[in-house]
Amino acid sequence: MAKQGSGSILQFAPLQSSVDEGFWHRLSSLKLNKFGIDDSPIPISGFYAPCSHPQVSNHLTLLAESLPSDSNDESTMPPVIRGNRNRCSVPGILYNTNTVEGFHALYKQGLLKAEAMKIWEDIHSGKAVEDCAVLSRVLLISFADLKKWNFHYWFAFPALALDPPATLVDLRPASQWFTLEEAESVSAACNEWRNSSVTAGNLSAVANVPFFLVSIGSDSHAAVKHLKDLEACQRDGQKAKSAKSWTSFSQSFDMCYWQLLFAFYDPCHLPNNPGWPLRNFLALISARWNLKTVRFLCYRENRGFADLNLSLVGEALITVQQGWREQQCVPNAVGWELNKGRKVPRCINLAKSMDPTRLAISAADLNLKLMRWRALPSLNLEILFSLKCLLLGAGTLGCQVARMLMAWGVRKITLLDNGRVAMSNPLRQSLYTLDDCLNGGDFKATAAVRSLQRIFPAVEAEGIVMAIPMPGHPVSSQEEKSVLEDCKRLNDLIDSHDVIFLLTDTRESRWLPTLLCANSNKITITAALGFDSFLVMRHGPGPFNSIPNLKAETENSLAAGMDNLALTNTDGQHRLGCYFCNDVVAPTDSTSNRTLDQQCTVTRPGLAPIASALAVELLVGILHHPNGIFAEAEIANSSSGGNFELPL
């Protein structure tokens with residue numbers, strides 16, 4: 001075991017970073033849904049493992065689980081990490097800024113110094129001996145551009161610099177350092193250590209303890225122990241001598257006839273350089289135990305077992321300046337990762353690697369989630385995302401309302417219409433193109449659904465081709481059965497949706513849906529257009545205090561129930577009426593015997609977008625009102641209607 005001393009400065013292979021795509025997705029979700037503009041530090045955990053390939057180093061990796069969960073728990077709580085033999089957890093901190101200018105303006109050296117201070121304090125408090133995982137830390141600064149899916153980031157792996165640097169006396173493959181018997185015993189001891197389930201007196205996995213001791217007795221028997229067992233190792237080595245202090249141990253260490261190696265999981269594969277974790281390990285050994293000569297083992301593996309040909313054993317001399325070990329004298333810190341040899345941050349764009357549908361969903365929700373940062377923190381996106389809307393009419397109003405609903409995050413939209421797309425439609429009805437007009441025209445309901453899915457692939461849209469039964473329109477005996485079936489189908493559709501928009505061209509086509517909506521107590525909104533005027537209104541809740549089952553009612557019992565119609569809501573307030581409550585005559589056929597300009601909806605082109613937008617805004621306001629469908633009307637100069645201080 002002759003020494004091959006070089007006397008050169010001990011140089012360490014820098015740690016390299018690797019970020020899983022899931023980490024950025026989790027960070028994006030947290031930023032949008034939980035953190036908002038809060039740029040407080042976020043606790044994270046990185047992972048690394050011993051080198052397992054002679055030509056490739058292992059990286060420190062960040063995964064989705066490196067971040068806190070998406071739940072509403074305190075974001076300052078570190079993520080719960082389960083260690084295993086294939087990865088060692090490394091505690092760390094993330095500074096995610098709100099702007100790219102803030103990212104570049106961060107005081108990087110100050111942040112690095114602060115993390116190094118934590119390591120130094122853990123060394124002097126003894127925490128690093130009890131839980132050696134804190135000897136390594138990771139610092140990450142980042143800016144997430146959630147509009148373009150660009151992520152700017154820079155890693156640092158804080159390391160305490162010895163002053164002066166340690167001197168390398170010898171470094172060689174472990175197989176050349178040990179005798180054959182020692183090598184076999186060291187391999188067996190390390191393999192047993194790596195495969196152990198729990199440590200003595202500790203519930204953490206041994207495989208997740210990256211710094212440890214390897215002692216070799218005069219009988220070539222090797223044992224692996226915790227750092228906190230160093231006193232026991234000392235007593236075993238000196239046998240009859242008792243350790244009175246760490247200083248006496250340091251002075252007598254060179255006289256021991258047995259070997260004590262300070263071992264660590266080395267992610268580096270280089271044959272002439274130990275890995276980055278050794279830097280803080282040497283700082284611990286010098287500051288805590290005042291050792292001048294240190295023998296270390298860079299533990300590396302092959303297929304999950306100790307590889308002494310790849311592992312290194314070295315000897316280093318530590319001669320630090322007077323006062324370096326004092327707790328108040330924090331050593332200089334190094335550790336910012338280089339990007340292709342330069343001290344600059346990295347940038348990654350995930351837009352190209354993301355599924356287009358997933359990217360569309362994220363982009364579509366971005367505006368809504370940003371509303372909750374400052375402008376509208378009370379915005380309830382869950383209600384909007386789960387809402388089921390039925391649009392009766394897929395014309396000028398129906399097209400615009402569908403677009404506005406998607407912009408508000410509504411994903412479940414059903415359009416009902418029995419008309420076909422005409423050549424005059426595409427200019428005014430935004431979901432149709434010339435192709436939809438060819439060969440007699442496609443059905444509006446199906447063409448509108450195709451267009452919605454092209455605009456936003458994640459929309460759950462359905463088109464229903466069906467005519468709405470209307471009063472005043474004669475029904476022949478041959479059509480009676482189909483009209484009754486249409487009535488039943490319309491009732492089923494209304495029952496299965498949360499909100500119904502009445503967007504048809506004629507008054508009579510709104511009559512039956514209005515009755516069915518009132519019976520089912522559904523949120524109902526009417527929009528109608530004139531030439532230079534429009535109407536947007538919400539219907540009040542149904543007149544029944546308890547909703548009857550019309551299918552099960554007999555004619556007599558239904559007639560009796562009509563006598564008990566409630567004119568007030570359950571809270572005693574007057575009910576709001578519906579579109580027909582002021583009518584004194586029944587609606588009639590408004591399309592027969594009319595000129596072309598009376599049959600078509602002749603209106604100023606700008607009114608439909610205005611009316612449609614107001615209809616959808618009205619819906620969102622109702623959904624966020626504490627009384628929902630039972631909200632009172634807001635009446636000008638009224639003391640009862642408009643007193644609520646509501647964000648919408």
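Helices, given as H or I with at least four residues, and strands, given as E with at least two, are DSSP runs numbered from the N terminus. The model is a predicted one, in which local features need pLDDT of at least 70 and side-chain atom pairs count only at pLDDT 80 or more, while totals for chains, interfaces and linings use all residues. Residues are numbered from 1 along each chain as its sequence is written, and side-chain values use heavy atoms, with hydrogens and water left out.

I start with the salt bridges. The term denotes a side-chain nitrogen of Lys or Arg within 4 Å of a carboxyl oxygen of Asp or Glu. In general, side chains of opposite charge can pair when their charged atoms come close. The structure holds 12 salt bridges.

One of them links Lys118 and Glu115, at 2.9 Å from N to O. Both residues belong to helix H3, residues 108–125, and because they are three residues apart there, about one helical turn separates them. For accessibility, buried means under 20% relative accessible area, exposed means over 50%, and partly exposed lies in between, with a 1.4 Å probe and protein chains only. Glu115 has a relative accessible area of 1% and is therefore buried, whereas Lys118, at 30%, is partly exposed.

A second pair is Arg295 and Glu315, whose side chains meet at 3.4 Å, N to O. Arg295 is partly exposed at 22%, and Glu315 is buried at 4%.

Glu65 is partly exposed at 34% relative accessibility, while Arg87 is buried at 15%.

Let me turn to strand E18, residues 388–392. Is this strand mostly covered or mostly uncovered? It is mostly covered, as four of its five residues are buried. Two strands pair if DSSP finds at least two bridges between them. E18 runs parallel to strand E19, residues 412–416, and five bridges join the two; Lys388 stands opposite Lys412 in E19. E18 also runs parallel to strand E21, residues 499–502, through four bridges, with Leu390 opposite Ile500.

I close with some backbone details. Which residues does a cis peptide bond join? The bond joins Asp163 and Pro164, and omega is about 0 degrees. Pro164 is found in the loop between strand E7 (150–160) and strand E8 (167–173).

Asn290 has a phi near 55 degrees, a positive value in a residue other than glycine. Its place is the loop between helix H9 (278–289) and E12, and Asn290 is partly exposed at 22%. Asn439 likewise has a phi near 55 degrees. Asn439 lies in the loop between E19 and H13 and is exposed, with a relative accessible area of 84%.
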